[in-house]
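Good morning, and thank you for coming. Please look at the structure on the screen while I go through it part by part.

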Amino acid sequence: MSDTPRIHLGSLLRTAGDAHAEGELDHLTYLQGDLTQTLQFAEPAPFEIEINSLEGDELYLQGTFEPTLIMECARCLREVQVPLDIQLGTLMRYDPAVQEPFLEEADTGEEVLVFGDPDLNLSAYLAETTLLAAPLSVVHDEACKGLCQICGHDLNDGSCEHMAQVPVEEIDDQLGIPEGTTHASQNPFAALRDLKLSDD
């Protein structure tokens, strides 16, 4: 299993051809600002990458990456495993002045991976690609009850003392009329009854 997804492009930059790399990753480490971030995978994630030379300093990367991302349930924060099947396809450009590889947008709107070290570390590229492919939020179960907003108890494990019903009058004052109940002013039959009583 590889610690980092590296591919050696020295010979490919000198002569036309292709380069190939494959392996498995149990995590990815990348920089976000000045902080090191880690994407943890539930199981070894296989990757297979091939890079072909184009014209000048341009290349093209294609391949597959299949991580099972570990995320948190949006309601109760339980661990959720999210399998992804990512198809890779990115234009590349070699620039020896570049210290760290980065993605930039070309004039055509297509993203280009710019790199300067022929011994290319693809960790940041795969991390960004994974984050873009991942859902914004997940739930461990569609029937998840979430957490108590007062004490943080996981309501999937049972109710807590804060689950007692709030009196209807209090709900009425704070949130409006509860579903299934009406005031006389909203009930035409009650208004008609009041009218008859006043006529008598």
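Asp154 has a relative accessibility of 12%, so it counts as buried, the cut-off being under 20%. Please keep in mind that this is a predicted model. Leaving out neighbours within four places in sequence, Asp154 is in contact with Cys76, Arg78, Gly146 and Leu147. Its side chain also makes a polar contact of 2.8 Å with the side chain of Asn156.

One of those contacts deserves a second look. Arg78 and Asp154 form a salt bridge, with their closest N and O atoms 3.0 Å apart. Arg78 belongs to the loop between E5 and E6, whereas Asp154 belongs to the loop between H2 and H3, so this pair ties together parts that are 76 residues apart in sequence. Arg78 itself counts as partly exposed, because its relative accessibility is 30%.

Is Asp157 buried or exposed? With 57% relative accessibility, Asp157 counts as exposed. Taken together, Arg78, Asp154 and Asp157 are linked in a network of salt bridges.

How many salt bridges does a search of the whole structure find? It finds four. One of them joins the side chains of Asp119 and Arg6, at 3.6 Å from N to O. Asp119 lies in strand E10 and Arg6 in strand E1, so the pair ties together parts that are 113 residues apart in sequence. Asp119, at 27% relative accessibility, counts as partly exposed, and Arg6, at 38%, counts as partly exposed as well.

Strand E5, residues 68-72, pairs with strand E6, residues 79-83, in the antiparallel sense over five bridges. Glu72 has Glu79 as its bridge partner in E6. Six residues lie between the two strands, and Leu77 takes a positive phi near 70°.

Next, the cysteines. The count of disulfides is zero. Cys76 is in none, and the nearest cysteine sulfur, that of Cys144, is 3.7 Å away. For Cys160, also in no disulfide, the nearest cysteine sulfur is that of Cys148, at 3.7 Å. Cys76 counts as buried at 6% relative accessibility, and Cys160 counts as buried at 16%.

Met92 touches Leu9, Ile51 and Phe115, among others.

Helix H2 also holds Thr130, which counts as buried at 0% relative accessibility. Setting aside neighbours within four places in sequence, Thr130 is in contact with Leu39, Phe65, Pro67, Leu69, Leu84 and Ile86.

Definitions and conventions. Residues numbered from 1 in each chain as written. Predicted model: local features only at pLDDT ≥ 70, side-chain atom pairs only at ≥ 80, totals over all residues. Heavy atoms only, no water. Pairing = 2+ DSSP bridges. Helix = DSSP H or I, 4+ residues; strand = E, 2+ residues; numbered from the N terminus. Contact = heavy atoms within 4.5 Å. Buried < 20%, exposed > 50% of the residue type's maximum accessible area, 1.4 Å probe, protein only. Disulfide = S-S within 2.5 Å. Polar contact = N/O pair within 3.5 Å; in protein donor to acceptor, adjacent residues only side chain to side chain.
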